[in-house]
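Let's take a walk through this structure together, one stop at a time. Have a look at it first.

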Amino acid sequence: MKNRPRRLRTGATLRKMVRETRMDKSSLIYPLFVREGNGVEEEIGTMPGQFRYSVDRMPYKLEALVKAGVSKVMFFGIPDHKDACGSGAYAQDGIVQKAFQKAKETFPDMYLIGDVCMCEYTSHGHCGILRGDYVDNDKTLEYLAKIALSQVQAGADMVAPSDMMDGRIQAIRSLLDENGYLETPIMSYAVKYASAFYGPFRDAAGSAPAFGDRKSYQMDYHNRREALKEALLDVEEGADILMVKPALSYLDVISQVKEATNVPVAAYGVSGEYAMVKAGAALGYIDEDAIVCEMATSVYRAGADIFLTYFAEKIAGFMDEGRIG
Ligand code: PBG
């Protein structure tokens, strides 16, 4: 036998030398929920180990993240009051705006990203303005742009629209540019599937649609070529980074988007992915740490340059230990 693939697996040093996937803490983004109130640090029932923080408590979490080497955060706001047009999403003293101000003040070196969407802020739980029972695409665009602008004005370094309306990248880019924010990047949730994996998030954010589902705007998970259509359109409209979401069941899509475009690709390991690992580990069925390492690596191996994950702190620790990376 001339070829013995096992030769390169004989010891840890060698195995590490020939690793094909390299990753780094600088590519991790942690999603964080902020809510109204004072002194609140409320564990999310379906996401053990994840919390909703009031703005005064949130800096303690930021401190822990910085300590772990995670310097990027994506903010989700949970308002006290919701209405039909999600006005809390673009209010100057809205929950997420207050969070950006506080974060900039307390941790000026952290990189702050805003999830731009309406579902946490609308009384009906849909990601846009309704006309009858249907989400009105073009009407929603002006709101999304307004939300993005208000987040940037409050201190967001980057905005990430997750609504899946057509044309929103262009709408947001135009309004940011008109207001002088030429250098603020947009990370588009370009390829976002209608997924049961968002279940725990909707519980966390109280954002489940009051009727119907999101299938008229989020993508059908049977489709792969359509992912390219969405990705290429968003690049054309000015998206700086493309995201695929969820991550684990969509590794083929991550690979494809990576090959077909020349912008950085992000993947979001969503709430359901987190919840499944936590539940399986709590039952003693799986080894949480080992599974988290393997899942994270697979996302990078598929082609992701950036990984949004509730496990960010943990993964950063594994990278420090040299367990992965
Ligand atoms: C807002 C939004 C959602 C998620 C990110 N942004 C929920 C949804 O689309 O229903 C899901 C994140 C997660 O499940 O961790 N539209």
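What follows goes from packed helices to a few individual residues.

A word on the ground rules: this is a predicted model, where local features need pLDDT of at least 70, side-chain atom pairs count only at pLDDT 80 or more, and totals for chains, interfaces and linings use all residues. Residues are numbered from 1 along each chain as its sequence is written, and side-chain values use heavy atoms, with hydrogens and water left out.

Start with helix α10 (residues 288-302) and helix α11 (residues 312-320), which pack at an angle of about 90 degrees with their axes 10 Å apart. Helices (H or I, at least four residues) and strands (E, at least two) are DSSP runs, numbered from the N terminus. Axes are lines fitted to C-alpha atoms, for helices over the stretch in contact, and angles run from 0 to 180 degrees between N-to-C directions. So α10 is roughly perpendicular to α11, a label for angles of 65 to 115 degrees. On the α10 side, the contact (heavy atoms within 4.5 Å) is made by Glu288, Asp289, Val292, Cys293, Ala296 and Tyr300, and α11 brings Lys314, Ile315, Phe318 and Met319. Sorted by class, that is 7 nonpolar, no polar and 3 charged residues. Here Ala, Val, Leu, Ile, Met, Phe, Trp, Tyr, Cys and Pro count as nonpolar, Asp, Glu, Lys and Arg as charged, and the others, Gly among them, as polar.

Helix α10 has another partner: α8 (residues 251-260) packs with α10 at about 30 degrees, their axes 8 Å apart. Leu251, Ile254 and Ser255 of α8 meet Ser298, Val299 and Ala302 of α10. This contact has 4 nonpolar, 2 polar and no charged residues.

Now hop to arginine 202, in helix α6 (residues 199-205). Arginine 202 is buried, yet has no salt bridge. Buried means under 20% relative accessible area (1.4 Å probe, protein chains only), and a salt bridge needs a side-chain nitrogen of Lys or Arg within 4 Å of a carboxyl oxygen of Asp or Glu. The nearest side chain of opposite charge, aspartate 213, is 8.3 Å away; Lys and Arg count as positive and Asp and Glu as negative, while His and the chain ends are not counted.

Not counting residues up to four places away in sequence, arginine 202 touches Ser195, Ser207, Ala208, Pro209, Arg214 and Gln218. Serine 195 sits in the loop between β9 (187-192) and α6, and counts as buried because its relative accessibility is 9%.

Conventions. Angles under 35 degrees count as roughly parallel, over 145 as roughly antiparallel, 65 to 115 as roughly perpendicular and the rest as oblique. Buried means under 20% relative accessible area, exposed over 50%, partly exposed in between (1.4 Å probe, protein chains only).
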